[in-house]
Amino acid sequence: MQKPNRRLENQTCIITGASSGIGKAVAKSMGMEGGNIVVNYNSGKKEAEELAHWISENSDCGQAIVFKCDVSKESEVKAMFKKTIAHFGTVEVCVANAGIQIDHPLHEMPLKDWQKVLDVNLTGQFLCAKESIIEFKRRGMRKGVSKSLGKIIHMSSVHEVIPWAGHANYAASKGGLLMLMESICQEYGPDKIRCNSIAPGAIKTEINKDVWSTKEGAEGMLKLIPYKRIGIPEDIGSVASWLASDESEYINGTTIFVDGGMTCYPGFTTNG
Ligand code: BGC
């Protein structure tokens, strides 16, 4: 278990989609860094409540609450920020993590499944970033808490640059996040707001369980990873905490790939 540390002490962190997988690991890690955590969930109420309890018990100085909302609904995202500010005073870190996959060959993809993925993965992250910026600017700089006015972390994917046949809605949403993140950096960097993305590769979670849980699936995945290990959610949690902390203060407008080298096209090791 990560040792309690205090890199996010006195900072409030909203993590969307935190009841499972990568979001859960990010929430735990930021909790262990002393942050106050808002565990957002859409359907995993019990898991979210257990996680919030775990964080409040195990963190040195951070507390956690849960908040249910569908990040693709503006009124619900606004309500989440309102509740967070009422409870903890403000927000310093937003990890826009909630994401879904609904896969189809493109010529069979119903418009509703294209739309749903874009709504959650891209519009949901836009709404969270927007509310974060409004709150960062309202609150102003708090000396001694963080050198930045606020930090936004988008949970992207290696598929912001790797095309993905059969998953065009997902890849398009992640490609869109790259431009969203860079545009926010350009627009709000002068306000000392940092905006970055993390791009996980193949991380063992529910979203890709049908692949890594079979022998052939896991072997196929490993062929795509030069480091020859499938990732675990904690690989992302620790990077997110560092990226939210002042240790990475000068990183702005960047995607950090946490993928064991997946973006280095291992298919070319013996070919091409
Ligand atoms: C997807 C996973 C996939 C990984 C690598 C992620 O963004 O959600 O399903 O295993 O990318 O392809």
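Helix H1 (residues 21-32) packs against helix H8 (residues 233-244) at an angle of about 50°, and their axes are 8 Å apart. That angle makes H1 oblique to H8, because angles under 35 degrees count as roughly parallel, over 145 as roughly antiparallel, 65 to 115 as roughly perpendicular and the rest as oblique. The model is predicted, so that local features need pLDDT of at least 70 and side-chain atom pairs count only at pLDDT 80 or more, while totals for chains, interfaces and linings use all residues. Residues are numbered from 1 along each chain as its sequence is written, and side-chain values use heavy atoms, with hydrogens and water left out.

**Helix packing**

- H1 passes H8 in a right-handed crossing, where right-handed means that the near helix is turned clockwise from the far one by less than a right angle.
- The axes of H1 and helix H2 (residues 45-58) come within 9 Å and cross at roughly 20°, which makes H1 roughly parallel to H2.
- H1 also passes H2 in a right-handed crossing.
- Helix H4 (residues 111-139) and helix H5 (residues 168-188) have axes that come within 8 Å and cross at roughly 15°, which makes H4 roughly parallel to H5.
- The crossing of H4 and H5 is right-handed.

**Ligand surroundings**

**Polar contacts and burial**

- A polar side-chain atom of His159 lies 2.7 Å from an oxygen atom of the ligand, and a polar side-chain atom of Tyr170 lies 2.6 Å from an oxygen atom of the ligand; a polar contact is a pair of N or O atoms within 3.5 Å.
- In the side chain of Asn208, an N or O atom is 3.2 Å from an oxygen atom of the ligand.
- Taken alone the ligand exposes 310 Å², of which the protein buries 89%, with areas computed by the Shrake-Rupley method with a 1.4 Å probe.

Terms used
Polar contact = N/O pair within 3.5 Å; in protein donor to acceptor, adjacent residues only side chain to side chain. Axes fitted to C-alpha atoms, helices over the stretch in contact; angles between N-to-C directions. Helix = DSSP H or I, 4+ residues; strand = E, 2+ residues; numbered from the N terminus.
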